[in-house]
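Good morning, everyone, and thank you for making time for this.

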Amino acid sequence: MHKIWLVIRREYLVRVKKKSFIVMTILGPLLMAALMIAPIYLANENQEERLIAVNQQSDFLLEDTELLHFTSIPELEVINLRKDFSLSPYYALLYIEKGKFTLYSNQQISLSVSRDIQRQIEQIVEINNLKEAGIDPQIIENAKTEIEITTRLIEKDGSSTNSHSEASMGIGFISGILIYIFIFMYGTMVMRGVIEEKANRIVEIIISSLKPFQLMMGKILGVAAVGLTQFILWIILTIIISTIAELTFLDTSIMTNEISANEQSVILAQLANITGGINLTQILLSFIFYFLAGYLMYSSLFAAVGSAVDAEADTQQFILPITIPLILSFILIQPIMDSPNGTLAFWMSIIPFTSPVIMMVRLPFGVPSWELLLSMGVLVCTFIATTWLAGRIYRTGILMYGKKPSYKELWKWLRY
Amino acid sequence: MQEDLLIVRNVIKQYGDYKALNNVNISVPRGSIYGLLGPNGAGKTTLMRIINQITAPDSGELIFDGEKLQKNHITDIGYMPEERGLYKKMKVGEQALYLAQLKGMSYNEALKKLKYWFEKLNIINWWNKKIEELSKGMAQKIQFVVTIIHDPKLLIFDEPFSGFDPINAAIMRKEILNLSKKGATIIFSTHRMESVEEICDHIALINKSKTILEGTIESIKSQFSNNNYEVITKNSELENTDLYDIISNKEGLSHILLKKGVRGKDALDYINTNYEVISFKKETPTMEEIFIKAVKNA
């Protein structure tokens, strides 16, 4: 036990002291913040006013919007305009002929522009169609309605709480992605560590002092500690950064957007309300569990792969079958969120190779305890099995040099 | 106290269909410098890994210091494998401390001993350098120190001098002989015969997964000496008799092979009465010749 502890300590300290770890730990939350802020910033910034020419023949009267201005030009001018479009002040030319609509431009037309124009034309055509059928468009307009459905979850005692599928989706999505990234990042870190020891040829010296399994577990646990440290630091840093951002950014944006203090408090109250129906403690604890157990399962497999090869370039053929279920669960996040209690969701959150990601996606929507416990139990059993299996491949693999092993070879190692 | 520090008995190790060791027996006397010889692929490395409990034998037993070889003996054995290396990005001192602690030493004990050895080998100023900053020979010195740092009863060196320049190799040889004098038992694995004759007192020859020779250097040499003699005579040259065949004959220097049943003394008496003898010497084969011969015969 003492020796495993020594290995864990070394693996942990070596990685935590690395510059790349420190940089990632600081940059991570900043990048996250930037990723969230940038689209909003860009969306607001990139809205320039645009002039659009429309051929006069058309009987469509397009209305100017905030950013799009339409000018009719005579049919004759169209040909000239198309010749030297770049010299004209127009962003695009809308050419309408017999119910066909074409947008010409000397540059890629932005999606939002073409969408806006399309919407306007559709509206006009719709109204015209209604008029032709003898229906007053006003009637349709009056008939339109908008209602809002409040979703509430019935508790066992008959009371109900707000259920918030948007917030659930957000939390499920983020925790699912985080688990995916963590398992991938730290799993491959274990693999690289194993390859490094093998390539450096230090491994034989070390295993003359302790068992190969101890070395493998020490490495896996040491890297897990690195992952947890990073995760915790990210949470702390994110809290600090968002607090600072709130204090500086939000104040000015509130001023410019002229949101009153009253409205602000309403927003905050809503925010608190949104997450109210979700058991955050359960999610956080489950997150740590699924991260650790999923990581232990995958990283032992990654360690086995690392032990089988001489260099990282040779890992491809073995890594693929390991990463397929991981990538599959990543792809399935969206469909699972659409039906978080369906059959697919159920099985994917029980099967251990996909359960860490999928269960985290499902959790905010509410999962029966027995399903959660079953999923956890299966995962624990699997990681015990995979570490045992990986340990057997590892102890033979780390001493094999020279030839690229095949699956047949690995199978043989399992039985030595 | 038993005379043999390590006894390997009937050890078999099989990888799939391939028998890496097939009924290997060796006894390493306490305090000896024991040469483990054999061509590449003979099974030396597998045997050393088994002694170090890196792999377990399929059958057979190992007795270490009078007990069945077991886990806690790891701290009594120091092993320098042929394929050796260190963490390139780790500092020398940190790394040496880590490896020493893995051998069961406490931090303070390891620090004290490491400082002593680093001073002795004049490498103390490398303590805070990373391995990647050092030359290969320098790294080998550190390797040597971490192998012996825990004062093991048994030291196992696999091709210890490969990669050392002659000066450092000489220093290492001196230190190894010193350790031997202090009572450590040393196993050398090598296929370089000249170093065997210089250092070892016992050898075992392994070929094709089997021990084909074992014993003291003298006993093996006499076992392989095949009645060859070198004779120098004055004025006249030897002629064939029924006592011996002449292999070569040149200006008084002759090599002769005694016929079966003829003793050296009989031949000498005969030559002495018929010629004027300057020297009469039994030719002992070099280890290299024995090695080649034994491998061929096996």
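A word on conventions first: what you see is a predicted model, in which local features need pLDDT of at least 70 and side-chain atom pairs count only at pLDDT 80 or more, while totals for chains, interfaces and linings use all residues. Residues are numbered from 1 along each chain as its sequence is written, and chains are lettered from A and ligands numbered from 1 in the order in which they are written.

Let us start with chain A, which has 16 helices and six strands; helices (H or I, at least four residues) and strands (E, at least two) are DSSP runs, numbered from the N terminus. Chain A has 416 residues, and 28% of them count as buried, where buried means that 20 or more other C-beta atoms, placed from the backbone, lie within 10 Å of the residue's own.

In chain A there is an open sheet of four strands, in the order 2-1-3-4 and with mixed pairing, and two strands are said to pair if DSSP finds at least two bridges between them. Strand 2 (68-73) and strand 4 (100-104) of chain A are at the edges and have a single partner strand each, so one side of each is left without a neighbour in the sheet. On average, and ignoring direction, neighbouring strands of this sheet are turned by 25 degrees against each other.

Further in, strand 1 (residues 50-55) and strand 3 (residues 92-97) of chain A pair in the parallel sense over three bridges, and in strand 3 of chain A it is Leu93(A) that is the bridge partner of Ala53(A). Helix 4 (residues 111-132) of chain A packs on this sheet and touches strand 1, strand 2, strand 3 and strand 4 of chain A, where touching, or contact, means that two C-beta atoms, placed from the backbone, lie within 7 Å.

Now to the core: which residues have the most contacts inside the largest nonpolar core? They are Ala303(A), Ala96(B), Ala100(B) and Ile156(B), in a core of 122 residues, a nonpolar core being a set of buried Ala, Val, Leu, Ile, Met, Phe, Trp, Tyr and Cys residues joined through C-beta atoms within 7 Å. Helix 10 (residues 280-308) of chain A gives the largest share of this core, 14 residues. Apart from it lies another core, of 10 residues, among them Ile52(A), Val54(A), Leu62(A) and Leu93(A).

Where the chains meet, the contact takes 19 residues from chain B and 16 residues from chain A. On the side of chain B that touches chain A, helix 2 (residues 92-102) of chain B gives the most, with four residues.

Chain B has an open sheet of six strands, in the order 6-7-8-3-9-10 and with mixed pairing, and its edge strands are strand 6 (77-80) and strand 10 (210-216) of chain B. Strand 3 (residues 33-37) and strand 9 (residues 202-207) of chain B pair in the parallel sense over four bridges, and Leu36(B) has Ala204(B) as its bridge partner in strand 9 of chain B. Helix 1 (residues 44-51) of chain B packs on the sheet, where it touches strand 3, strand 7 (154-158), strand 8 (185-190) and strand 9 of chain B.

Conventions
Buried ≥ 20, exposed ≤ 12 C-beta atoms within 10 Å, placed from the backbone. Axes fitted to C-alpha atoms, helices over the stretch in contact; angles between N-to-C directions.
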